[in-house]
Amino acid sequence: MKSFFIVIPPGLETLATSELEEKYQTIFGEAPRVQSTTHGGIEILASYEHGFALNYFLKIPTRILLRIDSYKCRDFPKLYKKFSSVDWNQYIRAGEFPQMFITTLKSRLINTKKMENTIVEAISKYYKKKTPPKLPPEYSENYQAPQIHVRVCDDSLTLSIDTSGERLDRRGMKSFTSGAPIRESFAYSLLWSARKYMQNLDGLSFLDPMCGSGTFLLEAAYFHTSNWNRDFSFESMPLIKGVEFIEKKFEIKGIPIFKNITGNDIDKEMIEKTKVINSITPENSNVSTQYADLFSDQLPEIKSSTDILLVNPPYGKRLKNRVGTAKYYAQLIKRIASFHHPKVFGVVFPKTEGPQPQDPDGYTKVFTTTFSNCGIKVDYSLFCQDQLK
Ligand SMILES: C[S@@+](CC[C@H](N)C(=O)[O-])C[C@H]1O[C@@H](n2cnc3c(N)ncnc32)[C@H](O)[C@@H]1O
């Protein structure tokens, strides 16, 4: 068993744990061996097969790290000795040097630049002793060594190697964004928070009345599938030779399928751009976008009732929003409840905008969390129709 650290955006730990537990059980037929859950991460024990495959099916985490070693380390000679004895050719190809992320806290080793230089010297010594094999032709000239993460806290050093590569919220699909997009992993986690109030898993309807570049729409369309549309850094590690992986592209059983997905927005240009989304979504999802002002009296007619509605409205200054105050968010919530009547709906609003909005008639707040979106601290509230609670 190896130790893997799943990096989670702070504030989303509870949702990420439930995603991990449910999907791991469904895919591997067993519960994940969770060792600890901390602010910003979950540590588990798993085989290489299972640990690396987390990249394929988890959508809330930022990245998955493989723990290589941990030990007490108070001085540079020990740092050098330990790093020159790691078997780097198992993780990195062709004698490349990894990009390093070093953090230290309450420890004797505090000079991160000097630590980086020491680690480079130690890896050079290793490469001199164990000449790395040449880069095989299937790896293009663009090969990049996986990043390493070195964390020293209270003189205990942990060395991890990144198995993901680009952040996991980079799904590898969308080629445009709006002024203030929500990060894909946040969008997915908010959908995850809402789904547990749904009984019918096959054919949910979803609406984002302020869809911008359509992040929620794409996350809803791919809600039940793996992350198959991109590469991950573990795929280039020499140590995976002989490891048998699950198929990269698959649908995860028991996860709801969103069939009717609608996005509205008052930005006509953005609506034009989002028209392509339907052509890149799975066959069983239908995505449509249209111009509509949420506060207008002439909103397009709604053809069927909405199961889940999520909205990430403009934040005050950033988009020069006409209201952008607590009053605005209260009006928005009232409008959604009275006009759209979704079974559940969730709203993201900036933390600084005063008191939390009241529950609208017929709804009760069932979940809240706080996270940081594009550097802005936001509150998320989920409301559920009283009869569904
Ligand atoms: C923060 S952005 C949403 C970003 C989106 N979640 C994404 O990931 O791209 C807010 C959006 O609300 C839209 N908007 C503002 N007022 C609106 C209104 N009254 N009705 C509909 N859309 C509105 C803006 O045009 C903008 O695209």
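Mentor: Start with domains: their bounds come from an automatic or database domain assignment. The C-alpha centres of domain 1 and domain 2 lie 32 Å apart. Domain 1 covers 2-162, and domain 2 covers 184-388. This is a predicted model, where local features need pLDDT of at least 70 and side-chain atom pairs count only at pLDDT 80 or more, while totals for chains, interfaces and linings use all residues. Residues are numbered from 1 along each chain as its sequence is written.

Trainee: How do you know how many residues of domain 1 are in contact with domain 2?

Mentor: Contact has a cut-off: the C-beta atoms of two residues, placed from the backbone, lie within 7 Å. By that test, 28 residues of domain 1 are in contact with 28 residues of domain 2. On the domain 1 side, α1 (13-28) and α2 (48-57) each give two or more residues. Helices are DSSP runs of H or I with at least four residues, strands are runs of E with at least two, and both are numbered from the N terminus.

Trainee: What classes of residue make up the side of domain 1 that touches domain 2?

Mentor: It divides into 16 nonpolar, six polar and six charged residues. Ala, Val, Leu, Ile, Met, Phe, Trp, Tyr, Cys and Pro count as nonpolar; Asp, Glu, Lys and Arg count as charged; the others, Gly among them, are polar.

Trainee: What makes the chain as compact as a globular protein of its length?

Mentor: The chain has eight helices and 14 strands. Its radius of gyration is 23 Å, close to the 21 Å that the globule rule gives for 389 residues, so the chain is as compact as a globular protein of that length. The radius is taken over C-alpha atoms, and the rule is 2.2 Å times the number of residues to the power 0.38.

Trainee: How do you know whether C73 is buried or exposed?

Mentor: C73 has 24 other C-beta atoms within 10 Å, so C73 is buried. Its place is the loop between β4 and α3 (76-84). Beyond four places in sequence, C73 is in contact with residues including L109, V152 and L157.

Trainee: And what is the count for K106, and is K106 buried or exposed?

Mentor: K106 has 10 other C-beta atoms within 10 Å, so K106 is exposed. K106 lies in the loop between β5 (100-105) and α4 (112-129). Its phi is near 45 degrees, a positive value in a residue other than glycine. Most residues other than glycine have a negative phi.

Trainee: Why is C374 called partly exposed?

Mentor: C374 has 13 C-beta neighbours inside 10 Å, so C374 counts as partly exposed. C374 is in the loop between β13 (363-373) and β14 (376-385). Phi of C374 is also positive, near 55 degrees.

Trainee: What makes α2 largely enclosed by the rest of the structure?

Mentor: Nine of its ten residues are buried, so α2 is largely enclosed. Among the buried ones are Y48, F52 and F57. Their cover includes β1 (2-7), α1, β3 (41-46) and β4 (63-72).

Definitions and conventions
A residue is buried if 20 or more other C-beta atoms lie within 10 Å of its own, exposed if 12 or fewer, and partly exposed in between; C-beta atoms are placed from the backbone.
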